[in-house]
Amino acid sequence: MSDTPFGFGLPPEEPEDGDEGKKKDPAGGGQGSGGQGGNPFGANPFGFGALPGMGGIGGPGGADNPFAAMFGSLNPNDLGAAFQQLGQMLSYEGGPVNWDMAKQIARQVVAQGTPDGTKDASVGPAEKSAVQEALRLADLWLDQATSLPSGANVAVAWSRAEWVEATLPAWQQLVDPVAERVGTAMGDVLPEEMQAVAGPLIGMMRSMGGAMFGQQIGQAVGALAGEVVGSTDVGLPLGPAGRAALLPLNVEAFGKDLGVPSDEVRLYLALREAAHQRLFAHVPWLRAHLFGAVEGYARGIKVDTSKLEEAVGQLDPTHPEQLQEALQQGMFQPEDTPEQKAALARLETALALVEGWVDAVVHEAAKSRLTSADALRETLRRRRASGGPAEQTFATLIGLELRPRRLRDAARLWASLTDARGVDGRDGLWEHPDMLPTATDLDDPDGFVHREHLDFSELDKMLGEAARGDAPKGDSPEDNGRDGTGGGDGKE
């Protein structure tokens with residue numbers, strides 16, 4: 001588990017040559033320098049990173065001029081824009097997360113480019129055609145590897161910015177349950193008798209909380225857009241239903257140093273995307289099961305109200321970043337209860353089963369067709385083990401880190417099921433969540449594969465006979481009266 005379950009860590013440092021003149025203060029007081037007495041946001045009292053149009057945060061005169069400390073060397077036009085956005089930030093009255101801010105910041109992060117200097121770009125006709133052909137061929141190959149039919153009605157090629165736009169609704173569904181608990185706690189820390197007269201303060205705190213959530217989530221989603229290769233990298237259906245997608249720019253970056261032909265890389269990643277789409281499209285309960293598991297985990301997160309009360313008691317209206325600093329100090333921790341442990345295990349197991357099934361099915365479809373199938377499979381596994389998109393995103397947003405060992409165990413289990421029961425027998429387990437392997441089964445895959453399963457038709461027959469009052473056939477009077485509660489003849 002992450003030390004800061006909602007991921008209120010420091011936002012990524014602005015590049016030194018970033019746009020709009022966002023540069024560090026040579027004296028060490030600029031953004032990201034940790035100046036100003038250890039304030040991680042330097043002299044920026046709001047801690048939200050640079051607003052659009054802002055110059056250097058810790059520019060000349062910042063120590064003596066509070067407005068220079070807040071807004072740097074803004075020209076008059078930029079100053080008006082900064083105040084306007086600040087007003088929008090504090091007047092926010094929506095849900096627990098300011099999603100407009102999250103979207104804006106994610107787009108800004110995408111526009112800045114990835115650390116290797118790669119900038120986002122519109123997808124050209126040739127790239128669109130290559131992605132569509134790869135996804136079409138992937139679906140043909142998967143027809144022989146799984147009994148689930150195609151789950152994609154449309155094949156699309158996205159830019160990074162288009163991925164942000166398409167996936168934000170899913171992020172909202174994932175993150176809001178956690179943020180809601182935090183927002184409620186922020187309004188409850190004041191004594192009841194004070195809440196009636198502290199309405200403006202509570203409203204400001206919630207508005208700032210929504211903005212802080214929006215900033216953190218925007219940073220995370222924007223950074224993730226520079227890494228993901230499709231719409232299902234985190235093991236969840238983030239894009240619109242029935243729409244298989246690849247990001248050509250990120251696919252190219254993924255295969256850059258692998259020594260594998262680019263068309264093989266694209267096709268292997270298309271197989272993974274298409275396999276995810278089949279699973280989410282034809283297992284109708286799966287999406288709700290996964291998102292419900294996230295929400296169940298979120299309900300078990302508790303807020304250290306003593307830390308929050310201390311932060312509120314010391315809150316200086318001119319330094320509201322103190323509240324964010326409190327958020328960074330482990331205020332939100334999962335409850336150490338059987339219910340919370342069960343929720344965590346349920347979520348980790350479900351995600352591992354999804355990823356393990358995709359791994360096994362894609363390997364079956366690709367091993368005889370792609371010469372680099374084994375190498376690509378291992379590369380993706382190592383990417384996950386070293387902190388790929390899924391682990392980093394869940395750790396950032398809800399403190400959940402998928403255990404790579406579970407993914408490998410799940411892949412082995414699905415492969416063993418294929419050998420023992422065939423494709424139909426393996427895929428039939430997705431008919432109901434109660435039929436799926438559990439975390440214990442991942443520890444003993446052979447035991448699950450070869451376990452005797454109940455004949456449910458015979459069980460239904462027995463239940464029907466019991467409901468009619470018929471005695472089960474083959475039971476003797478002695479058996480019926482053995483425990484003293486049956487219908488024996490009463491003789492000893």
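Asp 443 and Arg 406 form a salt bridge, with their closest N and O atoms 2.7 Å apart. That pair ties together distant parts of the chain: Asp 443 sits in helix H18 (residues 439-443) and Arg 406 in helix H17, 37 residues apart. Keep in mind that this is a predicted model, where local features need pLDDT of at least 70, side-chain atom pairs count only at pLDDT 80 or more, and totals for chains, interfaces and linings use all residues. Residues are numbered from 1 along each chain as its sequence is written, and side-chain values use heavy atoms, with hydrogens and water left out.

**Around Arg 406**

- A salt bridge here means a side-chain nitrogen of Lys or Arg within 4 Å of a carboxyl oxygen of Asp or Glu.
- Arg 406 also forms a salt bridge with Asp 409, and there the closest N and O atoms are 2.8 Å apart.
- Both Asp 409 and Arg 406 lie in helix H17 (residues 404-427), three residues apart, which is about one turn of the helix.
- Helices (H or I, at least four residues) and strands (E, at least two) are DSSP runs, numbered from the N terminus.
- Put together, Arg 406, Asp 409, Arg 412 and Asp 443 are linked in a network of salt bridges.

- Buried means under 20% relative accessible area, exposed means over 50%, and partly exposed is in between (1.4 Å probe, protein chains only).
- Arg 406 has a relative accessible area of 4%, so Arg 406 is buried.
- Asp 409 is buried too, because its relative accessible area is 8%.
- Asp 443 comes in at 53%, so Asp 443 counts as exposed.

**Another salt bridge to look up**

- The structure holds 16 salt bridges.
- One of them joins the side chains of Asp 139 and Arg 278 (3.1 Å, N to O).
- This pair links distant parts of the chain, with Asp 139 in helix H5 (residues 125-142) and Arg 278 in helix H10 (residues 262-282), 139 residues apart.
- Asp 139 and Arg 278 are both buried.

- Ser 159 is in the loop between strand E1 (154-157) and helix H6 (160-188).
- With 9% relative accessibility, Ser 159 counts as buried.
- Leaving out residues up to four places away in sequence, Ser 159 touches Asp 120, Ala 121, Val 123 and Leu 247; contact means heavy atoms within 4.5 Å.
- Thr 349 is part of helix H14 (residues 338-366), and at 8% relative accessibility Thr 349 counts as buried.
- Again leaving out residues up to four places away in sequence, Thr 349 touches Pro 437, Thr 438, Ala 439 and Leu 442.
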